[in-house]
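Me: I have a model open on my screen and would like to go through it with you, one question at a time. Shall we start?

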Amino acid sequence: MKPVLIVGGGISGITAAVEIAEVGEEVILIEKESYLGGNVVKMNNYFPKLCPPACGLEINFRRIKQNPRIKIHVLTELAALTGEKGNFKATLRSSPQFVKNTCTACGKCVEVCPEVRPDDFNYGFADTKAIYLPHDMAFPLKYTIDEQYCKKDSCNKCLEACKYDAINLSAKEEEREVDVSSVILATGWKNYPAELLDNLYYKEFKNVVTNVEFERLLAPSGPGKGKLYRPSDKKEPKDIVFVQCAGSRDENHLSYCSAVCCSASLKHALTVLERYPDIKIKIFYIDLRVSGRNEDFLNKVEEHRNIELIKGKVAKIEELTESKNLVVEAENTIISKKIRSETDLVVLATGIVPNTLAIEVNKNKHGFLTDEQKDGIYAVACGKKPMDVSASLKDATAAALKAIQTIH
Ligand SMILES: Cc1cc2nc3c(=O)[nH]c(=O)nc-3n(C[C@H](O)[C@H](O)[C@H](O)COP(=O)(O)OP(=O)(O)OC[C@H]3O[C@@H](n4cnc5c(N)ncnc54)[C@H](O)[C@@H]3O)c2cc1C
């Protein structure tokens, strides 16, 4: 029986993989990063239960470890796909990790590595060495070398420090062909580039951050080790402004609603106030779009004395030269009054855009995958449209069932 190929190792791809493997079928799961977990693993916590990403991901990682039917290839993308339902040939292209499976993650290599690089997992708010573990929960638990920063043969310090012969500095890109019965595209989303919102000065003003960066600023494994700070002076903010629909529902940027940003900001506000009860929060919104269990958040936020909800789209942000505080300008449309609000930190609720693939696929006008793919190819979850984890899991499980039917 031919395996099912799953492209994307976020929560959707992982879910499809365990569902298929646990009914006895083979799976090849490929992921372009060096670790599984996608966007969820970068979060501080996730709604509706506000549990950390470990809850949900850890159990799935265990299910993967225990199941020899799942073959994982990280740092790998789908370079080409030919054939048809039941009989596809996929070309997988893997970038070198420079670290072999004998790595025990003892960390001796990191101690001796002299080179540093910006920590992309923490959006550049921290640094790592050129050889690094992407994050505490990294699965597979294995170091990676960033070729751009490693001095390789002219250094070799990690090679000398590694007792397990786990480093191979001459590793090269590899291509392999696999025969698969069907393909699940679980490629997910990335943040809309906030620098394109020129009235919000994301690149220019250090204390304007995006919602995904804010997840890391809150996270115990983040740059502040759980101590929230604002980037300009690393001080705890006394007040925070959330700017909803930063890019979304805007004909000049994304004309669609990104679906999860309202719930994400409500989650952020409540998380902040649980830890820092004196911080004052303002949320500027067009409409607050939350549904189902997340309506509880809205009720809690509406009742919270430290949170002010202001109906109005933010027109611009200014920075005060000395304090690096920000002034947010908007019109409160309920009372038809222009307001200017000074704050320590601004969080942009930046919208969601789809990740891309190197193969030909059917997309809608926004670049999201459609349900109408070639027979035997199933697009799922946030690669198709913005949705939360719960909806993503249902979609991934449905695709898993279709893929299992293709095998038989
Ligand atoms: C700020 C913010 C906060 C959020 N908070 C919550 C929350 O609290 N609760 C909740 O339910 N939802 C939340 N969401 C939504 C949640 O992030 C998504 O539902 C979830 O990430 C969907 O998982 P996924 O696996 O479909 O996609 P992703 O998490 O995006 O995973 C996709 C994976 O595919 C990989 N990939 C992409 N392209 C390729 C390729 N070509 N080849 C190989 N691999 C590839 C990526 O590297 C990634 O690992 C939030 C969203 C935002 C923006």
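This is a predicted model: local features need pLDDT of at least 70, side-chain atom pairs count only at pLDDT 80 or more; totals for chains, interfaces and linings use all residues.

Me: How many bridges join strand 4 to strand 5?

Reply: Residues are numbered from 1 along each chain as its sequence is written, and side-chain values use heavy atoms, with hydrogens and water left out. Strands (E, at least two residues) and helices (H or I, at least four) are DSSP runs numbered from the N terminus, and two strands pair if DSSP finds at least two bridges between them. Strand 4 and strand 5 (residues 87–94) run antiparallel, and the number of bridges joining them is eight.

Me: Which residue takes a positive phi in the hairpin of strand 4 and strand 5?

Reply: Within this pair, Leu81 stands opposite Ala90 of strand 5. The hairpin has two residues between the strands, and the one with a positive phi, near 90 degrees, is Gly86.

Me: Which residues come nearest to the ligand?

Reply: The shell has 14 nonpolar, 14 polar and seven charged residues. Here Ala, Val, Leu, Ile, Met, Phe, Trp, Tyr, Cys and Pro count as nonpolar, Asp, Glu, Lys and Arg as charged, and the others, Gly among them, as polar. Of the 35 residues around the ligand, the nearest are Ser12, Glu31, Asn39, Phe47 and Met387.

Me: How many Å separate a polar side-chain atom of Asn39 from an oxygen atom of the ligand?

Reply: A polar contact is a pair of N or O atoms within 3.5 Å; within protein, one must be able to donate a hydrogen and the other to accept it, and residues adjacent in sequence count only if both atoms are side-chain atoms. Backbone atoms take part too: a backbone N or O atom of Ile11 lies 3.2 Å from a ligand oxygen, and a polar backbone atom of Asp388 is 3.4 Å from a ligand oxygen. For the side chain of Asn39, the distance to a ligand oxygen is 2.7 Å.

Me: Which elements give two or more residues to the shell around the ligand?

Reply: One of these elements is strand 4 (76–84), the strand that is joined to strand 5.

Me: Which strands stand at the edges of the five-stranded open sheet, and why do they count as edges?

Reply: The strand order is 13-20-14-15-16, with parallel pairing. Inside it, five bridges join strand 15 (residues 280–285) to strand 16, and Ile283 stands opposite Leu309 of strand 16. Each edge strand has a single partner, so one side of each is left without a neighbour in the sheet; the two are strand 13 (208–210) and strand 16 (307–311).

Me: In the open sheet of three strands, which are the edge strands?

Reply: This sheet has the order 17-18-19 and antiparallel pairing. Five bridges join strand 17 to strand 18 (residues 326–332), where Ala330 is the bridge partner of Val314. Pairing on one side only, the edge strands are strand 17 (314–319) and strand 19 (337–343).

Me: Is Asn332 buried or exposed?

Reply: Asn332 is found in strand 18, and its side chain reaches the backbone nitrogen of Ile334 at 3.0 Å. Buried means under 20% relative accessible area, exposed over 50%, and partly exposed in between (1.4 Å probe, protein chains only). At 13%, Asn332 is buried.

Me: Which residue does a cis peptide bond join to Phe47?

Reply: Most peptide bonds are trans. This cis bond has an omega of about 5 degrees, and the residue joined to Phe47 is Pro48.

Me: Is Lys234 buried or exposed?

Reply: Lys234 has a positive phi of about 60 degrees although it is not a glycine. Its place is in the loop between helix 5 and strand 14 (239–246). With a relative accessible area of 52%, Lys234 is exposed.

Technical notes: A residue is near a molecule or strand if one of its heavy atoms lies within 4 Å of it.
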